[in-house]
Amino acid sequence: MKISERLEIPAISTGDIFRANVKGGTPLGIEASKYIDNGDFVPDSVTNNMVEDRLNQDDVATGFLLDGYPRTSAQVDALDAMLEAKGIALDAVLQLTADDDELVYAC
């Protein structure tokens, strides 16, 4: 069973946020597309704004699980500020690790 299902909270994937914003043609999605289309990383500022927008949605009121965020120290700082502004503290942080050969699926 997935962690988010067991806790009955939404799993928030940075990749899903990017795709939803790009597909929806939001201002943040348009900004992110400029980088994605060039094969570049989306800057922390754009990523942070997308995550903040997502954390402002109603379905995260009782909790959430972040997947793929934060990845940089600037993102950690931004997340800390977002949570502090909402009066929220993290309950737990999980780091899952595996050897590369465990993650590669051979067809």
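Biologist: How many helices and strands are there in the protein chain?

Modeller: This is a predicted model, so local features need pLDDT of at least 70, side-chain atom pairs count only at pLDDT 80 or more, and totals for chains, interfaces and linings use all residues. Residues are numbered from 1 along each chain as its sequence is written, and side-chain values use heavy atoms, with hydrogens and water left out. Helices (H or I, at least four residues) and strands (E, at least two) are DSSP runs, numbered from the N terminus. The protein chain has six helices and two strands.

Biologist: In what order do the elements run from the N terminus on?

Modeller: The C-alpha atoms fill a box of roughly 45 × 35 × 25 Å along the principal axes. Through it, from the N terminus on, the elements run α-β-α-α-α-β-α-α.

Biologist: What percentage of the 107 residues is buried?

Modeller: Buried means under 20% relative accessible area, exposed over 50%, and partly exposed in between (1.4 Å probe, protein chains only). Of the 107 residues in the protein chain, the buried ones make up 28%.

Biologist: Which residues of helix 4 are buried?

Modeller: Helix 4 has 12 residues, which at 1.5 Å a residue should span 16 Å, and its end C-alpha atoms are 16 Å apart, in agreement. That expected span is 1.5 Å times one less than the number of residues. Cover for its buried residues includes strand 1, helix 2, helix 3, strand 2 and helix 5. The buried residues are Val46, Thr47, Asn48, Met50, Val51, Arg54 and Leu55.

Biologist: Is Gln75 buried or exposed?

Modeller: Gln75 lies in helix 5, residues 73-86. Leaving out residues up to four places away in sequence, Gln75 touches Asp44, Thr47, Asn48, Tyr69 and Pro70; contact means heavy atoms within 4.5 Å. Because its relative accessibility is 6%, Gln75 counts as buried.

Biologist: Which peptide bond is cis?

Modeller: Look at Pro70, in the loop between strand 2 and helix 5. Omega is near 0° for the bond from Tyr69 to Pro70.

Biologist: What is the phi of Glu8?

Modeller: Glu8 sits in the loop between helix 1 and strand 1. Its relative accessible area is 69%, so Glu8 is exposed. Glu8 is not a glycine, yet its phi is positive, about 55°.

Biologist: How much space lies in the largest pocket?

Modeller: On a 1 Å grid over the protein atoms alone, a pocket is an open set of points where a 1.4 Å probe fits, with protein on both sides within 12 Å along at least five of seven lines. Grid points are joined across faces, edges and corners, and the volume is the space filled by probe spheres set on the points. For the largest pocket that comes to about 1000 Å³.

Biologist: Which residues lie nearest the centre of the largest pocket?

Modeller: Lining residues have an atom within 4 Å of a point. The lining divides into 20 nonpolar, six polar and five charged residues. Here Ala, Val, Leu, Ile, Met, Phe, Trp, Tyr, Cys and Pro count as nonpolar, Asp, Glu, Lys and Arg as charged, and the others, Gly among them, as polar. Of the 31 lining residues, those nearest the centre are Leu65, Leu66, Ala92, Val93 and Leu94.

Biologist: Which element gives the largest share of the lining of the second largest pocket?

Modeller: About 290 Å³ of space lies in the second largest pocket. Helix 2 and helix 4 each supply at least two lining residues. The largest share is three residues, from helix 2.
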